[in-house]
Amino acid sequence: MDHKHSLLLEHAGLGRPGGDDSDDGPGTNPGTGSGDNSPDGNGPIDKAAQNAALVMSLLHTAARIDKACAAELASFDLTEARLSVMLVVAREPKATPAFIASSLGVTRAAVTGLLDGLERQEYITRRDSANDRRSSAITLTSAGSAALDDLAPRYGDWLTALSAGITQADARATFTALGILQQNLQALDVEGTR
């Protein structure tokens, strides 16, 4: 994890003051391999500290994946959000903006902005919906379909390379941990609304 996340852990009382909690090198997995070792390899830490370090490492890794993904999509002049819209439209031709927003879990206003950009790139067309004059039906253009066709193998190769070396056991354990984090986030959201 990066220095910012190490400082946050230390400030929360879950990191080792003065320790180097970085794990940018290959093969470093906080808290694995030798029981209850600290992320910096300087001795035992408690479960809360180990799990907090895992969350911070996840945040750091997610940020790096987002940055690398953006670089992969840049040659197509796409963002992950625009790509997501195109994928929904490819699966559901003549999808409405409301349907796209619901599918992606974003606001209708956010989708409108994404559609504006995709229309300027000539990746989609909008036509008035036959069922609702206030809405429109979104369709991929031939250029949009071609961009998806060009991108699919390249993106697949990138994801395969990114996940190389992860065993099925690693993946299962990670999915379990992520599921627990998502349940905890849900519980915290519910508590926050009381």
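Trp 158 is a buried residue, because its relative accessibility of 15% falls under the 20% cut-off. The model is a predicted one. Trp 158 sits in helix α6. Leave aside neighbours within four places in sequence, and Trp 158 is in contact with Ile 65, Ala 68, Cys 69 and Glu 72. Take Cys 69 from that list. In sequence, Trp 158 and Cys 69 are 89 residues apart. In space, their C-alpha atoms are 8.7 Å apart.

Now the whole chain. The protein chain has seven helices and two strands. Along the sequence they run α-α-α-α-α-β-β-α-α. There are 194 residues, and 27% of them count as buried. Consider the contacts between residues at least 6 apart in sequence: 49% of these join residues at least 24 apart.

In soluble globular proteins, nonpolar side chains tend to be buried together. Here the largest nonpolar core has 24 residues. Which elements supply at least two residues each? They are α2 (47-74), α3 (80-91), α4 (97-104), α5, β2 (136-140) and α6 (142-162). The largest share comes from α3, with five residues. The residues with the most contacts inside this core are Leu 78, Val 85, Met 86, Ile 100, Leu 115 and Leu 118. Val 85 shows how some of these meet. Not counting residues up to four places away in sequence, Val 85 touches Ile 100, Leu 104, Leu 114, Leu 115 and Leu 118.

Ile 100 leads on to α4. The buried residues of this helix are Pro 97, Ile 100 and Ala 101. Seen down the axis of α4, they fall within an arc of 100 degrees, so they line one face of the helix. What covers these buried residues includes α3, α5 and β2. Just after α4 comes Gly 105, which takes a positive phi of about 70 degrees.

Further along the chain, look at the stretch after α5. Gln 121 lies in the loop between α5 (108-120) and β1 (124-128). Is Gln 121 buried or exposed? Gln 121 counts as buried, because its relative accessible area of 18% is under the 20% cut-off. Its contacts, not counting residues up to four places away in sequence, are Phe 76, Asp 77, Leu 78 and Arg 82. One of these, Leu 78, is also among the residues with the most contacts inside the largest nonpolar core.

Last, the empty space. Rolling a probe the size of a water molecule over the atoms shows where such space is left. The second largest pocket has a volume of about 250 Å³. Which elements give two or more residues to its lining? They are α2 and α7 (168-192). Helix α7 gives the most, with six residues. The lining is made up of Val 55, Leu 58, Leu 59, Leu 178, Leu 181, Gln 182, Asn 184, Leu 185 and Leu 188. By class, seven of the lining residues are nonpolar, two are polar and none is charged.

Technical notes:
Residues numbered from 1 in each chain as written. Predicted model: local features only at pLDDT ≥ 70, side-chain atom pairs only at ≥ 80, totals over all residues. Heavy atoms only, no water. Helix = DSSP H or I, 4+ residues; strand = E, 2+ residues; numbered from the N terminus. Buried < 20%, exposed > 50% of the residue type's maximum accessible area, 1.4 Å probe, protein only. Contact = heavy atoms within 4.5 Å. Core = buried A, V, L, I, M, F, W, Y, C linked by side-chain atoms within 4.5 Å. 1 Å grid on protein atoms, 1.4 Å probe; cavity = no way out; pocket = protein on both sides within 12 Å on 5 of 7 lines; lining within 4 Å. Points joined across faces, edges and corners; volume = space filled by probe spheres on them. Nonpolar A, V, L, I, M, F, W, Y, C, P; charged D, E, K, R; others polar. Arc of directions from axis to C-beta.
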